[in-house]
Amino acid sequence: MSEVEVYPVPGEWAKRARVDAAGYEKMYGLSLADPGSFWLEQAKRLDWIKRPEIAGDWSFQEDDFHIQWFADGKLNVAANCIDRHLKTRGDQTAIIWEPDDPAEDPRRFTYKQLHAEVCRFANVLKANGARKGDRVTIYMPMIPEAAFAVLACARIGAIHSVVFGGFSPDALAGRIEDCDSTMVVTADEGRRGGKPVALKANVDEAAKRAPSLRTVIVVKATGADVAMTEGRDIWYHEAAKSVPADCPPEPMGAEDPLFILYTSGSTGKPKGVLHTSGGYLLWAGLTHELCFDYRPGDIWWCAADIGWVTGHSYILYGPLANGATTLMFEGVPTWPTPSRIWEVVDRHQVHTVFTAPTALRALMKEGDEWVAKTSRGSLKLLGTVGEPINPEAWRWYHEVVGEGRCPIIDTWWQTETGGAMIAPMPGATALKPGSATRPMPGVEPQLVDPGGRVLDGATEGNLVIARSWPGQMRTVWGDHARFFQTYFSAYPGKYFTGDGCRRDEDGYYWITGRVDDVINVSGHRMGTAEVESALVLHPQVAEAAVVGMPHDVKGQGIYAYVTLNAGEESSDDLRTELRNWVRKEIGPIATPDALQFAPGLPKTRSGKIMRRILRKIAEGDVSSLGDTSTLADPTVVDDLVANRVS
Ligand code: WTA
C-alpha cells in the first residue's frame, strides 16, 4: 500500500473546537461503556415537554426485534428548531435563500419570521384536513416555502414525505400511494440552472395514478400558468390569507414518526425509510455540532437538495436545532458559470460548505481559474457526503478551494442512519484523504466476513453497526418484516449497511462502496432493479440487467444490458428511445450512461444472471471474467465482450 499522507489538526482548530483529541476518546469511550447515562445527558440538548428517563431500548434479535429511544419523552421538533430560539436569537437570520439566478436578490428569514411563516403554513395544512399522523407529500423546488412546509408538518405532527423534484410523475405517484398520502404540497414550477421544472404538471400526471390524493397545495414560485383542478387544487397564497397567525406546536411522543423518505435498495421498489422525532433530532443536531463545530454567527451551507436525507438533516433539522444560520440554494454548481458555489460563498460570507464529491469532480474538470477568481476568505471548514471521495478530489478541495487552511470533513452515513456515523471532528481528528476517519459517539462499527465472523485490526470486510444509535431508522413504512429482512438478517444481531469497508492500523475507516445491487450515481442511490423494471416495461424489451460502471465525474454510471423481444431490431434510435424511456419512468438521474443490446445474458443453468460478469464487462476489465463454464450458454459472453459500449 502506498504511503498515505496525514493532515494533523490545525493549531487554530485545536484551540477553537469544543472537542479535542483527548475529548473525543473520552466521549467515545463513555458512549459505549455507559450508553444510558451518556444519552440521557445528551438528550438535554433538546427542549422537552416531558424529559425522557429512558435512553435506548432496543434489540436487533429477530424474536425480540424493537428499536426505541427516549420513548417516555415528549417534544415537538419544530418548536425545538424555531420557538426555543425566539427569546435568545429571534432577530438572527435562520434561513438565507440564494436564488437560482444570481441577478435576483437573496431572501432572508429571521427566527421570528420563520416562526410566523411556519405557523401560517401549518394552519393552511390543518385548514385543509391534515392531522397528526397523516402523510403529507412535499414535491417542491428549493425555495423557502419547502422549508416552511417541512417544518409545518413537524409542527402539527403530520408525517412528511419529501419527494425530490427531479423524480418523474410515475415515481411520485408510487411514493404517494405507498404511504396513502392524501395531500401534496408543490409549486407551479421549479427552476434549476435557468431551466424550468414542471412540478405542478407532474403532480397532475401523478394524480391519475394516485387515487389516494385529494388535496394539492400549490405555492406560486415562478408565476407560470398552470392548470388548477377545482375541488382538489388550492393556491397557497390565497389559503394563507384566511388562517390564524399562530399555531401551537403539537406535543409528540419521542417515538412518533417525523418523516418518511424513500430510498433505493437492492431489490424491489424504493423503501419508505421512517424516522421518528426525538432520537432523529438529537442525532441531526449533535452530529452537526460535533462534525462542524458550529458556533453562533457562522454561516452554514449544505448544498444538497431537501429531497435527500442530507437536506433533511443538514439544511434543516440539525442546523435549526442548533440555532444556526443555514443557507438554502436553489441553483446548481455549474450555472451560470463554474464559479457559482464560490461566488455564493463570498456573497454570504459562508463559513462551512458541505457538498458531494461528484460536484467537486465536475468543478475540478472546469479548471482552477473558476475558483481562483473568488475570495473564499470566509471559509473555515469544508465537508463532503454521499459517496467515497477520491484522494485527488479531496486534495483539490483542500488545496485549491480551501487554500490549505480548511479541514475536510468527509462524513459517511445513509438515509437509514439519520445523520453522520463515521466522520472527523475538526479539533480532534487528524485527516487522511479518502477516509471518513472514525466513528461518532455511540457508533460501534465492525467489519465482518461473509460468514459473519468479526474481523479485528487492520482489515477489510462488510461494514455492520453492532448497536443501535438514536438516529437509526425505525421501520420501512408499511413493511416491518422487510425492515428486519433488509438490514438485520444477513448478520444476526447487527445492522448491515450494505457497504464494504477497510480499517487501517490507526483504526480509520475507508468506505470502499456498496457490496449489494445499489449503485451510487453522483451521490444518488439507485437500485439496479428499479432501472431494470423500468426498461422491461418498454414494449420491445424482453429482459434487462443493469450494473454500475466507473465514471469520472459521477463516481458510478449506469450500464444497461438489454435483450429485445424476438423479431425486434436494435438501432441507435431505439437506444436513445430506451434511455429517454427510463428518464421518463424514473427521472433524469436514472438515465443509463451506456446501453448495450445483448442477444443473451450470462445465466447459470438455474437461470440466475451472473452480474459479476456483467460488471466486469461494463468496467472494461474483460481479461479476468473468471470461470464462465457454469453458464447455461458460455458463448453469450463472447458476444457481450465484442459489443461492449464504451
Ligand atoms: C454512500 C447519503 C463513502 C455509501 C448520506 C452509503 C459514502 C450510501 C459516504 C448512502 C462517504 C455516503 N464515503 N461512501 N462519505 N457517504 N456514502 O442513503 O455507499 O443517499 O451506503 O445517504 O452512500 O446513501 P444515502
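Predicted model: local features only at pLDDT ≥ 70, side-chain atom pairs only at ≥ 80, totals over all residues.
Me: Where is Ser571 in the chain, and which backbone atom does the side chain of Ser571 reach?

Reply: Ser571 sits in the loop between strand 30 (555-564) and helix 19 (572-585). Its side chain reaches the backbone nitrogen of Leu574 at 3.0 Å.

Me: How do I read the length of helix 19, and which of its residues are buried?

Reply: The expected span of a helix is 1.5 Å times one less than its number of residues. Helix 19 has 14 residues and runs 20 Å from first C-alpha to last, close to the 20 Å expected. Its buried residues are Leu574, Leu578, Val582 and Glu585. They cover an arc of only 80° around the axis, which puts them on the same side of helix 19.

Me: What covers the buried residues of helix 19, and which exposed residues are on the face turned away?

Reply: The cover includes helix 8 (169-178), helix 18 (528-536), strand 29 (541-551), strand 30 and strand 31 (594-597). The face turned away from the buried side carries Asp572, Asp573 and Lys584, which are exposed. After helix 19 comes Gly587, with a positive phi near 150°.

Me: Where does Thr591 lie, and is Thr591 buried or exposed?

Reply: Thr591 is in the loop between helix 19 and strand 31. Its relative accessibility is 11%, so Thr591 counts as buried. Beyond neighbours within four places in sequence, Thr591 is in contact with Ile558, Arg579 and Arg583. Ile558 is 33 residues away in sequence, with a C-alpha to C-alpha distance of 7.4 Å. The side chain of Thr591 also reaches the backbone oxygen of Pro588 at 2.7 Å.

Me: Which residues touch the most other members of the largest nonpolar core?

Reply: That core has 157 residues, and Leu114, Leu125, Tyr317 and Leu535 touch the most other members. Its largest share, ten residues, comes from helix 7 (residues 144-156). Apart from it lies another core of 27 residues, including Trp342 and Trp394. Leaving out residues up to four places away in sequence, Leu114 touches Ile82, Ala94, Ile95, Phe109, Phe148, Leu151 and Leu320.

Me: At which residues does UniProt place the feature "binding site"?

Reply: An unreviewed UniProt entry places it at several residues, among them Thr411, Trp413, Gln414, Arg514 and Arg525. Such annotations may be inferred rather than shown by experiment.

Trp413 is in the loop between strand 20 (408-411) and strand 21 (445-448). Its relative accessible area is 10%, so Trp413 is buried. A polar contact of 3.3 Å joins its side chain to that of Thr411.

Arg525 lies in strand 28 (residues 524-527) and is buried, with a relative accessible area of 16%. Not counting residues up to four places away in sequence, Arg525 touches residues including Gln414, Thr415 and Arg514. The side chains of Arg525 and Thr263 are joined by a polar contact of 3.4 Å.

Me: Which residues does UniProt list for "domain: AMP-binding enzyme C-terminal"?

Reply: The unreviewed entry lists residues 530-608. In the model, the end C-alpha atoms of that span lie 18 Å apart, and the span is 27% helix and 32% strand.

Key. Residues numbered from 1 in each chain as written. Heavy atoms only, no water. Helix = DSSP H or I, 4+ residues; strand = E, 2+ residues; numbered from the N terminus. Polar contact = N/O pair within 3.5 Å; in protein donor to acceptor, adjacent residues only side chain to side chain. Core = buried A, V, L, I, M, F, W, Y, C linked by side-chain atoms within 4.5 Å. Buried < 20%, exposed > 50% of the residue type's maximum accessible area, 1.4 Å probe, protein only. Contact = heavy atoms within 4.5 Å. Arc of directions from axis to C-beta.
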